[in-house]
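Please open the structure in a viewer and keep the selection tool at hand.

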Amino acid sequence: MRKGRMNSAFGAPSPHNAAVTSNLAEEQRKQLCGLLGNVELTLLYKASVHGYQASAFHQRCDRQGPTLLVAYNHSGYIFGGYTSVDYAQSGQYITDQDTFLFSFQGKIPVSIKLNSGYNARIDDTGVPNFGQQLYFCYNNQPLVYNSGNSAFSISTGTMYGNDTQLSECEVYKVEQSSEVSTEEKPWRNILWTAERKDKLMEMIRNHKPVVTSVSRVRIVMIGPVGAGKSSFFNSINSIFMGRITSKAMSGSAGTSVTTQFRTYPIKDGREGKLLPFVLCDTMGLEEQSGAGLDIEDISSILQGHVPDRYKFNPTAPFQPHEQKASKPASLKEKIHCVVYVIDATKISLMSDKLQEKLASIRKKVNSLGIAQIVLMTKVDEACPLVEKDLQSLYVSSYIKSKVQEVSSRLGVPVSCVLPVKNYSQELELELNCDVLLLSAVQQMLNFADDYLDDVGQVEYDDFL
C-alpha cells in the first residue's frame, strides 16, 4: 500500500494544470504526507507558471477544501503551511485548530502549531497568509514576509534562513486517500482498551524486583530543559491517583525548573501503599558548560551517592561525604534504569553540543551496565494526525521517522524508544494517554529487572 499519493501533476496532467510538475521530491512528499495522515496531494497552483498575483492564486485555490502551501527560496529552504478551511475571499477571520506551519530541517519537516487565542488567517482577496504573520507571494512578488505578529512562534532564521526571495510557491489540494487508513499495518502493536489499562496497572502494582534486597526499582529521568521529565512523573502519579495532579514542578522555562535532585515514590491512590518503583527527577541538561546538570553529578546519582533534595550547583559538581564515598552504595540505593526524555518537536533541532553531552552520559551509563530507555514526549505536538487521535500514533509514518531519528542520534535501539504524551493542559484523565504512559513504566520495570538480574548474578558469583 502506498501512503500519501500524488495526483494529477505527478501522473497524467489535468487540463486545468496541464504540463505543470511539482518541485517536491518523492521523499519530501512522503514526509509531508506523514504529517497529514493517509492523504493524496494534488497540485493546484504553481506561482512560476500561474503567476505570483493574488488573483491567480485564488482562481486556482478557492473552494478546494484543505490545502498545503509549499514554498522554496534561493537558499534551498523548503517551508510553508497547512489550512483545513477553504479559501473563499469571504473577508472573515478564520478559526482553524488544524492549521500549522512547517519547515524542513534536513530531511524532516518540523511543524509549528498556531498559538492559542489567534486566528488562523484572514480570508481576504489578498495573497495566502498564516496567522496574519507569514505572507507568501507578498505584494504579488516572489517574496515571503513576516509581519511580526505572534500567531506562530517561529524563528525566520531556522525556518527559511532569513532569505525572503522565493524561487517557487506551490499549493496542493489535500484529500483523504480512498485507500482506507485503518488497513495500514501499525509499526508497533498496542491495545487501546480499558482492560489493557487495568492489566498494566495490576502488573505494575504487583511487580517484585528480581533481587530481594531491592524493594523498589529506582528510575532516573535525564533530558534537556523542558522535555517533560517532571511532567512524566505528574502524569504517572495522576493515573494512580485517579485524577490530574501536579506534585512535581514542571514548566517550559528557558532554564531548568527542577533545581534539586528529587526522588518521587508513587502511592497507589491517596490511601494506597507505595508502588514498587521510584522516579528520580534531575535538573535539565543545557548546551553550554557550567549550566544545567553536570556530567559528574550524573555519575554520583547513578552510583547512589546523591541524597533526595540535594540542590544542584552547575558550577560545582556534587562532592559526596568522604566516608560515604569510600564505600560503595548498596544496590537498592543505586539507579536501576536510566530514562532519557526527549521532546519529539525538537529532535531535528538538537545541537551538536547537547548531542555530545548525551553521548558522554550514555558512555558512563554503558560502563555501569545500567538499563537505558528513551521517552519521546510531545508526540501530539509533533504530528497533527496524532494530535487528532492518539491511537494513530503507531500508524504515523512521521512519528516512526522521529523514533528512528532519536535512535540514530542517541545510539539506542529503535525498540528502546517509547513515544508518549504527558498530561499538560488536560483536566481529566484520558484512556489512550494512560495506556501509553503505563506501557512505558512497565517497559522500564522490565529493563530494570534485566539489569538487576545481571548484577545479582555477579554479586552471587563474587559471594561464591
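An axis is a line fitted to C-alpha atoms, for helices over the stretch in contact, and angles run from 0 to 180 degrees between N-to-C directions. Helices (H or I, at least four residues) and strands (E, at least two) are DSSP runs, numbered from the N terminus. The model is predicted: local features need pLDDT of at least 70, side-chain atom pairs count only at pLDDT 80 or more, and totals for chains, interfaces and linings use all residues. Residues are numbered from 1 along each chain as its sequence is written, and side-chain values use heavy atoms, with hydrogens and water left out.

First stop: select residues 26-36, helix H1, and residues 397-410, helix H12. Their axes come within 7 Å and cross at roughly 110°. H1 and H12 are therefore roughly perpendicular to each other; angles under 35 degrees count as roughly parallel, over 145 as roughly antiparallel, 65 to 115 as roughly perpendicular and the rest as oblique. Which residues of H1 and H12 meet? Gln-31, Gly-34 and Leu-35 of H1 meet Ser-397, Tyr-398 and Ser-401 of H12, where contact means heavy atoms within 4.5 Å. This contact has two nonpolar, four polar and no charged residues (Ala, Val, Leu, Ile, Met, Phe, Trp, Tyr, Cys and Pro count as nonpolar, Asp, Glu, Lys and Arg as charged, and the others, Gly among them, as polar).

Next, select helix H7 (residues 295-302) and helix H9 (residues 352-368), which pack at an angle of about 25° with their axes 10 Å apart. H7 and H9 are therefore roughly parallel to each other. On the H7 side, display Ile-295, Ile-298, Ser-299 and Leu-302; on the H9 side, the contact includes Lys-357, Ile-361 and Leu-368. By class, the contact of H7 with H9 has six nonpolar, two polar and two charged residues.

Now turn to the cavities (on a 1 Å grid over the protein atoms alone, sets of points where a 1.4 Å probe fits but cannot get out; lining residues have an atom within 4 Å of a point). How many cavities of 30 Å³ or more does a search of the whole structure find? The search finds three. A volume is the space filled by probe spheres set on the points, and grid points are joined across faces, edges and corners.

For the largest cavity, of about 60 Å³, select lining residues including Phe-100, Lys-113 and Glu-387. Strand E7 (108-113), helix H10 (379-382) and helix H11 (384-388) each supply at least two residues of this lining.

Finally, the second largest cavity holds about 40 Å³. Among its lining residues are Phe-57, Tyr-87 and Arg-121.

Terms used
1 Å grid on protein atoms, 1.4 Å probe; cavity = no way out; pocket = protein on both sides within 12 Å on 5 of 7 lines; lining within 4 Å.
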